[in-house]
Amino acid sequence: MPKEKFWKGGAQPGKTIIICSEGGIGDEIISVRFINHFRKLGMNPLWYTTRKDLADVFNWCDLPTITDLKNIPKDYVWTYGMQTPVFLNVEEDDLWHGPYLQAKNIREQLPGKKRVGIKHMGNPKYDQDLHRTIPFEQLVDSIPEDCTIYSFNVDEDISHPRVIPLKEKIKTWDDTLDFIDQMDYMVSSCTSIAHASAALGKKTCVIVPILNY
């Protein structure tokens with residue numbers, strides 16, 4: 001992207017701004033909320049990502065997203081997603097205005113009362129995942145006995161008498177959001193699941209990594 005078109009703040013009504021994703025899926029879910037801030041400035045924001053399944057989710061939620069730059073207007077500016085709150089000069093109270101993701105509710109209905117979703121680890125290929133993995137048995141033991149527990153882990157098989165695995169049911173982000181939406185509470189390590197849950201407006205507990213940030 002041309003350096004001379006890089007946006008560092010300031011309202012430009014009518015201008016198309018391309019917000020380039022960076023980092024992991026969770027980082028994109030956190031940062032895509034700022035599309036609404038750009039709308040308030042009168043600008044035309046487009047989130048740019050290479051993750052097509054995530055693009056489908058964002059577009060469904062009225063957060064305009066593109067996966068290529070072929071047809072963007074010539075008169076545009078661009079910026080990085082994770083820098084937008086700095087350039088927008090937002091304060092803490094400006095960060096949350098309610099849920100900005102929504103589920104399609106097209107999956108099967110899950111049984112149980114007081115449904116708690118858990119995600120005790122992230123992608124094992126991530127070199128820092130060891131430092132954010134929660135001891136599975138301790139996590140399950142900490143949840144009250146009258147709760148129905150669902151595991152959102154898709155990277156390894158889960159076997160525990162109290163836990164219902166969703167690994168075979170989750171194939172897309174639409175699946176993930178639909179099942180999260182059926183939970184009463186989510187408990188997760190620092191993964192994209194936690195960010196998606198909060199963006200849906202679910203009560204969410206994030207257990208921070210050893211090196212928290």
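This is a predicted model: local features need pLDDT of at least 70, side-chain atom pairs count only at pLDDT 80 or more; totals for chains, interfaces and linings use all residues.
Local features need pLDDT of at least 70 and side-chain atom pairs count only at pLDDT 80 or more, while totals for chains, interfaces and linings use all residues. Residues are numbered from 1 along each chain as its sequence is written, and side-chain values use heavy atoms, leaving out hydrogens and water.

**Exercise 1.** Work out where H37 is and whether H37 is buried or exposed.

*Solution.* Step one: find H37 in helix α2, residues 35–40 (a helix is a DSSP run of H or I with at least four residues, a strand a run of E with at least two, numbered from the N terminus). Step two: check its relative accessible area, which is 15%, so H37 is buried (buried is under 20%, exposed over 50%, partly exposed in between, with a 1.4 Å probe and protein chains only). Step three: skip neighbours within four places in sequence, and H37 is in contact with L88, V90, D94 and H97 (heavy atoms within 4.5 Å).

**Exercise 2.** Explain what the salt bridge between R51 and E28 ties together.

*Solution.* Start with the distance: N to O is 2.4 Å (the limit is 4 Å, from a Lys or Arg side-chain nitrogen to an Asp or Glu carboxyl oxygen). R51 sits in the loop between β2 (44–48) and α3 (52–60) and E28 in helix α1 (residues 25–31), so the pair ties together parts 23 residues apart in sequence.

**Exercise 3.** Find how many salt bridges the whole structure has.

*Solution.* Search everything and you get 11. One of them joins K114 and D146, with the closest N and O atoms 2.6 Å apart.
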